[in-house]
Amino acid sequence: MNRIFSGVQPTGNLHLGNYLGAIKNWVSLQKSFECIFCIVDLHAITIKQNPKELEKNTLEVTAAYLASGIDPEKTIIFNQSSVSAHAELTWMLSCFTPIGWLNRMTQFKEKAGKKRENAVLGLFSYPVLMASDILAYKATHVPVGEDQKQHLELARDIAGAFNQTYNNDFFPLPEPQIFEEAKRIMSLRNGKNKMSKSDDSDYSRINITDNKDLINLKIKKAKTDAYPLPSKKEDLKDRPEAANLLEIYGAFKNEKLDKVLKEVGGKDFSSFKKILTDLTISKIEPISKKMNDYLNNKDYLKKILNKGKEKADEISSKNLSEIKKIIGLLII
Ligand code: AQP
């Protein structure tokens, strides 16, 4: 059976990268897969969080899932910390993960920076928790942005190490699903950096809660270059900001770059920015309106999370028992 697992961290400022690179694609996956979409709050605490904000952001991501079209009748939606299998399996799988594998993870290097010795253990072992999220459900496919590809490869390696140790094929090796159109949305201020929640400048990203005026202003201020848009893909090679705005446009329209360039090639930035702004507002505004409606009914959101938790618990606790049996941990 094909099963999908993916998640978003409740760390605030949900942006176009999260929406176009992840959540939007999940909506269509619900048609052909059994899906589990998590709000990964245990991942969020690898960086210091304000408790009140963390709680608020968890409900905000839940509202964003629902407002974007994730259907709680079909799909399991829950917050990671409410299902204990994630943390338990992390310990077990960490016993199958050589430190050398974790040392290669570029996200840890970027996030720990020069203060590596002071970085917390959770930040270092973040990819083991991610492997556990996926493997606790024996998920077969994981839709992620390109930034998470390395972590997913590690999850496959950990699954393989476990299977090899016990000479079985208990864990399926999860396949990454990277959607070409928006695999890496870049910052509006610098086309070489990923659009990210933690960027100090709010002008680097469009948040899915931004209103019309703010979207207009952010796209107006987005960095560009001095030339009109090209008509051929090859001519975008050294123009990261232009390539990024075109990628956003194409992702909203579900169109490949070639088709987008046929439509807008030759335009100057001011006219392209205008059509991009109109398109972005037309796609984002209905989502943020729906999100607000959901956020005005927090009891409903908690009910959805609770229902999702029960279903997630049922699948993962059964798998965890089997894993314990394979390892030889006595179940009384
Ligand atoms: N810029 C992006 N382009 C395409 N996809 C992206 N994703 C994140 N940024 C982009 C995808 O969104 C999903 C959820 O991401 P996350 O919030 O759990 O973690 P993240 O990748 O760490 O997001 P940020 O914004 O970069 O957060 P910070 O700044 O806190 O590190 C994932 O599928 C991710 O690939």
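In which hand, right-handed or left-handed, does helix 9 pass helix 12? I looked this up in a predicted model and recorded the crossing of helix 9 with helix 12 as right-handed.

**Entry: helix 9 and helix 12**

I took helix 9 as residues 212-221 and noted an angle of about 145° to helix 12, with the axes 10 Å apart. From helix 9, I listed Lys 212, Ile 215, Asn 216, Ile 219, Lys 220 and Lys 221 as meeting helix 12. Their partners in helix 12 are Lys 273, Leu 276, Thr 277, Thr 280, Ile 281, Ile 284 and Glu 285. Sorted by class, this contact holds 5 nonpolar, 3 polar and 5 charged residues.

**Entry: helix 3 and helix 12**

I next examined helix 3 (residues 51-68) against helix 12 (residues 269-295); the angle is about 130° and the axes lie 8 Å apart. The two helices are therefore oblique to each other. I recorded the crossing of helix 3 and helix 12 as right-handed. Helix 3 contributes Leu 59, Glu 60, Ala 63, Ala 64, Leu 66, Ala 67 and Ser 68 to the contact, and helix 12 contributes Ile 287, Lys 290, Met 291, Tyr 294 and Leu 295. By class, I noted 9 nonpolar, 1 polar and 2 charged residues in the contact of helix 3 with helix 12.

**Entry: cysteines**

I searched the whole structure for disulfides and found 0. Cys 35 takes part in no disulfide, and the nearest cysteine sulfur, that of Cys 38, is 13 Å away.

Methods:
Residues are numbered from 1 along each chain as its sequence is written. This is a predicted model: local features need pLDDT of at least 70, side-chain atom pairs count only at pLDDT 80 or more; totals for chains, interfaces and linings use all residues. Side-chain values use heavy atoms; hydrogens and water are left out. Axes are lines fitted to C-alpha atoms, for helices over the stretch in contact, and angles run from 0 to 180 degrees between N-to-C directions. Helices (H or I, at least four residues) and strands (E, at least two) are DSSP runs, numbered from the N terminus. Angles under 35 degrees count as roughly parallel, over 145 as roughly antiparallel, 65 to 115 as roughly perpendicular and the rest as oblique. A crossing is left-handed if the near helix is turned anticlockwise from the far one by less than a right angle, and right-handed if clockwise. Contact means heavy atoms within 4.5 Å. Ala, Val, Leu, Ile, Met, Phe, Trp, Tyr, Cys and Pro count as nonpolar, Asp, Glu, Lys and Arg as charged, and the others, Gly among them, as polar. A disulfide is a pair of cysteine sulfur atoms within 2.5 Å.
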